[in-house]
Amino acid sequence: MSDYHIDTKCVQSGYQPGNGEPRVLPIVQSTTFKYNSTEQMGRLFDLEEAGYFYSRLSNPTCDNVAAKIADLEGGASAVLTSSGQAAILMTVLNVCGAGDHLVSCSTLYGGTFNLFSVTLPKLGISVSFVPPDADADEIIAAVKPNTKLIYGEMIANPALNILNLEAFASAAHKSGVPLVVDNTFPTPINCRPFEWGADIVVHSTTKYMDGHATSIGGCVVDRGSFDWDKYPERFPGLTKPDDSYHGVVYTRQFGSAAFTAKLTAQLMRDMGASPAPMNAFLLNIGLETLHLRVSRHCSNAMSVAQYLEKHPMISWVKYPGLPGDSQYALAQKYLPNGVCGVLSFGVKGGRAAAVKFMDALKLAAIVTHVCDARTSVLHPASHTHRQLSDEQLVLSGVSDDMIRFSVGIEDPGDIITDLGQALDSL
Ligand SMILES: *Cc1c(COP(=O)(O)O)cnc(C)c1O
């Protein structure tokens with residue numbers, strides 16, 4: 001589908017039915033696949049022949065949806081995972097083991113921040129954080145001999161910082177490691193990080209891609225161009241024989257699909273963060289309207305941001321689409337067609353006023369979710385980022401009066417009316 005525009009790819013990429021086959025992506029609700037000979041099954045297990053044998057490793061419904069996301073991002077291959085967190089963890093573990101290190105931009109989703117600052121260190125993987133506006137030299141200064149990747153969120157959730165993608169990509173490539181970008185908030189509709197030098201993209205498909213809050217899911221997309229063989233000692237898992245597969249060397253056998261082949265064959269096999277075919281089917285339906293929804297989310301969010309900016313009860317508004325925003329220039333550079341539907345703001349009166357305001361909203365619902373067709377609202381300091389210390393809250397860009405507002409695709413006037421009546425109640 002690579003010649004088509006992205007809107008067409010949303011609708012048509014991935015599943016390509018043959019003559020007389022179902023028009024709509026079938027749900028292959030089967031854990032196993034039947035073969036006529038012992039020998040052929042053996043070849044599948046040895047990765048000598050491609051084919052399905054157990055849905056913990058791969059499943060046709062999931063693979064068709066992964067192929068659509070790979071096409072949307074402009075990547076060479078992709079794997080769906082059971083959640084966005086699983087996509088991030090599998091990506092890290094695909095190149096890092098005990099004794100290794102990674103460098104990450106500090107403005108992160110709360111779950112990723114915990115993974116990097118608490119859970120990975122328990123596994124012997126250490127993480128250094130650099131600020132989102134770090135230049136390439138600052139990022140390179142954090143790189144160590146055991147660094148295996150550099151990581152950042154394209155639009156940080158909930159801080160809404162825009163990653164300085166070119167600086168991070170240049171630092172990664174000068175250091176001989178891949179740049180991994182979480183592209184959940186922009187989606188490939190608004191930004192395709194591979195076009196700016198990223199090597200691997202991860203997604204929480206739970207957000208805009210699903211779009212209707214039906215299924216938790218994730219995706220790992222590989223651009224297929226990072227030269228692992230140039231640094232064989234740094235990436236032995238990809239470039240040296242894998243004892244758990246009779247000595248297969250992933251870069252030799254799978255070429256540009258080495259990263260996803262290893263992730264599937266080793267990590268999905270051993271850790272089982274596999275998506276359900278039914279969830280992949282629902283995700284695919286979401287993807288078919290991604291281009292329409294994302295543009296409506298963005299225009300609605302812009303209207304809301306402009307309204308809030310002028311309201312006397314609002315102390316600050318953060319939306320990278322607003323010309324006065326500190327991230328405006330980066331947003332114009334990397335996200336010229338729109339940023340996302342999420343914005344944050346502070347209500348005058350701090351934490352107490354924030355809580356009162358939220359409780360007065362009628363259309364916008366208090367839910368632990370963003371990037372949903374329905375407008376939703378959250379107080380990060382008391383919800384998603386509750387486990388963080390005050391110092392960690394500052395580091396991840398969360399203040400205690402911050403309200404995170406995820407603008408849906410309803411009529412913008414109705415959303416603004418709801419905000420107005422809740423602000424009047426203060
Ligand atoms: C939600 C989210 C995640 C985690 O994804 P889950 O699907 O909830 O596991 C990771 N990164 C970002 C930017 C997110 O918004």
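# Exercises on a predicted model

Leu 426 has a relative accessible area of 31% and is therefore partly exposed; buried means under 20%, exposed over 50%, and partly exposed in between (1.4 Å probe, protein chains only). The structure is a predicted model, in which local features need pLDDT of at least 70 and side-chain atom pairs count only at pLDDT 80 or more, while totals for chains, interfaces and linings use all residues. Residues are numbered from 1 along each chain as its sequence is written, and side-chain values use heavy atoms, with hydrogens and water left out.

## Exercise 1: The surroundings of Leu 426

Determine in which segment Leu 426 lies and with which residues Leu 426 is in contact, leaving aside neighbours within four places in sequence.

Step 1. Leu 426 belongs to the segment after helix H17 (412–424). Helices (H or I, at least four residues) and strands (E, at least two) are DSSP runs, numbered from the N terminus.

Step 2. Contact means heavy atoms within 4.5 Å. With neighbours within four places in sequence left aside, the contacts of Leu 426 are Met 313, Val 347, Ala 353, Lys 356 and Phe 357.

Step 3. Leu 426 and Phe 357 are 69 residues apart along the chain, and their C-alpha atoms are separated by 6.7 Å.

## Exercise 2: The chain as a whole

State how many helices and strands the chain has, and what percentage of its residues count as buried.

Step 1. There are 17 helices and 12 strands in the chain. The chain's radius of gyration is 22 Å, close to the 22 Å that the globule rule gives for 426 residues, so the chain is as compact as a globular protein of that length. This radius is taken over C-alpha atoms, and the rule is 2.2 Å times the number of residues to the power 0.38.

Step 2. The C-alpha trace spans about 75 × 55 × 35 Å along its principal axes.

Step 3. Of the 426 residues, 56% count as buried. Contacts between residues at least 6 apart in sequence join residues at least 24 apart in 71% of cases.

Step 4. The chain carries 31 positive and 42 negative side chains, and the centres of the two sets lie 2 Å apart. Lys and Arg count as positive and Asp and Glu as negative, whereas His and the chain ends are not counted; the place of a charge is NZ of Lys, CZ of Arg, CG of Asp or CD of Glu.

## Exercise 3: Cysteines

How many disulfides does a search of the whole structure find?

Step 1. The search finds zero disulfides, a disulfide being a pair of cysteine sulfur atoms within 2.5 Å. For Cys 298, the nearest cysteine sulfur is that of Cys 340, at 6.6 Å, and Cys 298 is in no disulfide. Cys 340 is likewise in no disulfide, with the sulfur of Cys 298 as its nearest cysteine sulfur.

Step 2. Cys 298 is buried, at 9% relative accessible area, and Cys 340 is buried as well, at 1%.

Step 3. Cys 191 sits in the loop between helix H8 (187–190) and S6, and a relative accessibility of 3% makes Cys 191 buried. Residues up to four places away in sequence not being counted, Cys 191 touches Glu 73, Met 154, Asn 183, Pro 186, Tyr 334 and Leu 335.
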